[in-house]
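Let's walk through a protein model together, looking at how its side chains pair up. Have the sequence and the 3D view ready.

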Amino acid sequence: MKKPYVILIGSASGIGKSTIASELAKELGIKHLIETDFIREIVRGIIGPEYAPALHKSSFDAYTTLRNKDRYPEDGKELINAGFEEHASFVIPAIEKVIKRAVDDFDDIVIEGVHLVPGLINIEKFKDDASIHFFILSADEEVHKQRFVKRAMKIKRGGKHLEYFKENRTIHNFLVDEANKHGVPVINNQTIQCTMRRMLSIIREICKKMVLKHPVDMLDEEIDIVLNRYGGRIVDVSYFLPGFGEPLKRKVNVYDPREAQRFVDQLNQNPERKKDLEKLYELSNNIHSHRICAPDEETLEKMIKDLDAKGMIHHTKLIDNSSENNSNA
């Protein structure tokens, strides 16, 4: 039976999560879209400032209410993060109640907001009953600054609000670090189209197992087609080694082109490491398989055609031509 979607999109202020959440809800036909700021306002009405002063501040200046500020390092980052965590911790139980209600009512829902902190919100307890996906959006500092200023002016929160970019950037870095610690995908929000593709390749699970044949030096071309051109995801890699009944399989789950490019760059900068990988490729006669996912069926077929045009698909090996679409099951 189809499980309801629960999609959580977190980020610091000014990254573009509201836009992405709206577009994603439209794409998936989800009618329930909630901002955690609204949930926070309800909680504020229940818990007064005398009991939770951090809650009654913004996420970026909640640290000003903390006691014993002198026990934090002088750079202020740990203090800002501690205030932010305290602020978010009052909102998260209410967010989890909203998720539970959506799951109980079998409703799809998208929730977006800065209060969605990996490690603080417990998504594990919903995984049996919902198709739950958690994302943190990121952006390079200069891009973040431009969007932050634009958003502040749009919602008429210039002046004092604009003075807190440093604090918001600290929160951005904290959320990215916590996402990496807890296995939550971090999506670099460069453009709406690219971000949507990467998120949908994770949410929809439209995948195929493909057997490829190419040398290590063509890795960058494979990455360009799958990740850059089509916003796909490489879930795993398997090498077919002589003398082994089962292939040597490793889960990689690569969806960020920058991360993949860093891997290729490190190989090129480290001849010994590259040589080791080339030996593995040679042992398997340059044949390996991937489970590759795409945002939709049409994109997956285009991706396969481009890989084939580059001569990377190994036609003498069986390719699973049936889509491994989990259909949110």
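Are cysteine 207 and cysteine 293 buried or exposed? Both cysteine 207 and cysteine 293 are buried, where buried means under 20% relative accessible area, exposed means over 50%, and partly exposed lies in between (1.4 Å probe, protein chains only).

Before going further, a word on the numbers: this is a predicted model, in which local features need pLDDT of at least 70 and side-chain atom pairs count only at pLDDT 80 or more, while totals for chains, interfaces and linings use all residues. Residues are numbered from 1 along each chain as its sequence is written, and side-chain values use heavy atoms, leaving out hydrogens and water.

Back to our two cysteines. A disulfide, meaning a pair of cysteine sulfur atoms within 2.5 Å, joins cysteine 207 to cysteine 293, with 2.0 Å from S to S. This pair links distant parts of the chain: cysteine 207 sits in strand β6 (residues 206-213) and cysteine 293 in strand β9 (residues 287-294), 86 residues apart. Helices (H or I, at least four residues) and strands (E, at least two) are DSSP runs, numbered from the N terminus. The link of cysteine 207 and cysteine 293 is right-handed, with 95° about the S-S bond. Searching the whole structure turns up one disulfide. Cysteine 194 is partly exposed, at 24% relative accessible area.

Now let's turn to charged side chains. A salt bridge is a side-chain nitrogen of Lys or Arg within 4 Å of a carboxyl oxygen of Asp or Glu, and the whole structure holds 22 salt bridges. One of them brings together aspartate 108 and lysine 2, at 3.8 Å from N to O. Here, too, distant parts of the chain are linked: aspartate 108 lies in the loop between α3 (77-104) and β3 (109-112), and lysine 2 in the segment before β1 (5-10), 106 residues apart. Lysine 2 is partly exposed, at 42%.

Another salt bridge pairs glutamate 96 with lysine 125 (3.0 Å, N to O). Glutamate 96 belongs to helix α3, and lysine 125 to the loop between β3 and β4 (131-138), 29 residues apart. Glutamate 96 is buried at 13% relative accessible area, whereas lysine 125 is partly exposed at 47%.

Finally, find aspartate 224 and arginine 229, whose side chains meet in a salt bridge (3.3 Å, N to O). Salt bridges can also share partners, and in this way Asp37, Arg40, Glu41 and Arg44 are joined into one network.
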